[in-house]
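User: I have a model open and want to talk through its packing. Can you take my questions as they come?

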Amino acid sequence: EFVERFHTHAEDIGFSFAVLLTNLDDHLPGDARLAHFLKSGKGFLSHFSPQLGRVEIIGQSQKVERMYFLIRKTCKQQWESPQIQESKREFFRSVDRTNHREKLSQFISFCEDIIYEVRTVKIQIEDNGLC
């Protein structure tokens, strides 16, 4: 009962701590004070790094900002499926890199296609009892 009651909360706190350490390391690279915390939090970082997603966006200050998020294991399993990987490779091979509007349009189209493919993969995974 104890594990059931507190495991999710402990997992959330551990993930938040890993995000905090990662974010601080991004903003204060080589900081001697932070090095101590990074050393102490090495276990958190290694445990959560496979589940730590990151995107870079242009924030309100017009600067690139990194946003971190949790990647659920089932989502990762779907994203790493062979058909999704092939779609990603095909997109990277064929995207028009000379025209920003066209590149954005192709990316949006790719995202719509991937959403459909991920749903299909999810059904296949559930049907095969892999999830």
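Analyst: Starting with a loop: Gln-62 sits between strand 1 (52-58) and strand 2 (64-70). Helices (H or I, at least four residues) and strands (E, at least two) are DSSP runs, numbered from the N terminus. The model is predicted, so local features need pLDDT of at least 70 and side-chain atom pairs count only at pLDDT 80 or more, while totals for chains, interfaces and linings use all residues. Residues are numbered from 1 along each chain as its sequence is written, and side-chain values use heavy atoms, with hydrogens and water left out.

User: What is phi at Gln-62?

Analyst: Phi of Gln-62 is near 65°, a positive value in a residue other than glycine.

User: Is Gln-62 buried or exposed?

Analyst: Gln-62 is exposed, at 63% relative accessible area. Buried means under 20% relative accessible area, exposed over 50%, and partly exposed in between (1.4 Å probe, protein chains only).

User: OK, on to the core. Which residues make up the largest nonpolar core?

Analyst: Eight residues do: Ile-84, Phe-91, Val-95, Phe-110, Ile-114, Val-118, Val-121 and Ile-125. A nonpolar core here is a set of buried Ala, Val, Leu, Ile, Met, Phe, Trp, Tyr and Cys residues joined through side-chain atoms within 4.5 Å.

User: Which helices supply at least two residues of this core?

Analyst: Helix 5 (82-94) and helix 6 (100-127) each do. Helix 6 gives the largest share, five residues.

User: At what angle do the axes of helix 5 and helix 6 cross?

Analyst: The two axes cross at roughly 170° and come within 10 Å. Axes are lines fitted to C-alpha atoms, for helices over the stretch in contact, and angles run from 0 to 180 degrees between N-to-C directions. Helix 5 and helix 6 are therefore roughly antiparallel to each other. The classes are: under 35 degrees roughly parallel, over 145 roughly antiparallel, 65 to 115 roughly perpendicular, and the rest oblique.

User: Which residues make the contact?

Analyst: On helix 5, Gln-83, Ile-84, Ser-87, Lys-88, Phe-91 and Ser-94. On helix 6, Gln-106, Phe-107, Phe-110, Ile-114, Glu-117, Val-118, Val-121 and Gln-124. The residues of this contact divide into seven nonpolar, five polar and two charged. Ala, Val, Leu, Ile, Met, Phe, Trp, Tyr, Cys and Pro count as nonpolar, Asp, Glu, Lys and Arg as charged, and the others, Gly among them, as polar.

User: Give me one of them.

Analyst: Phe-17 and Phe-44 form an edge-to-face pair, 4.9 Å centre to centre with 75° between the planes. Phe-17 lies in helix 1 (residues 2-27) and Phe-44 in helix 3 (residues 42-48), so the pair ties together parts that are 27 residues apart in sequence. Phe-17 is partly exposed at 28%, and Phe-44 is partly exposed at 36%.

User: And a tilted one?

Analyst: Phe-107 and Phe-110 form a tilted pair, 6.4 Å centre to centre and 35° between the planes. Being three residues apart in helix 6, Phe-107 and Phe-110 are separated by about one helical turn. Phe-107 is partly exposed at 40% relative accessible area, whereas Phe-110 counts as buried at 13%.

User: Which residues form one aromatic cluster?

Analyst: Phe-91, Phe-92, Phe-107 and Phe-110 do.

Methods: Contact means heavy atoms within 4.5 Å. Rings of Phe, Tyr and Trp (its six-membered ring) pair if their centres lie within 6.5 Å; planes under 30 degrees apart count as stacked, over 60 as edge-to-face and the rest as tilted.
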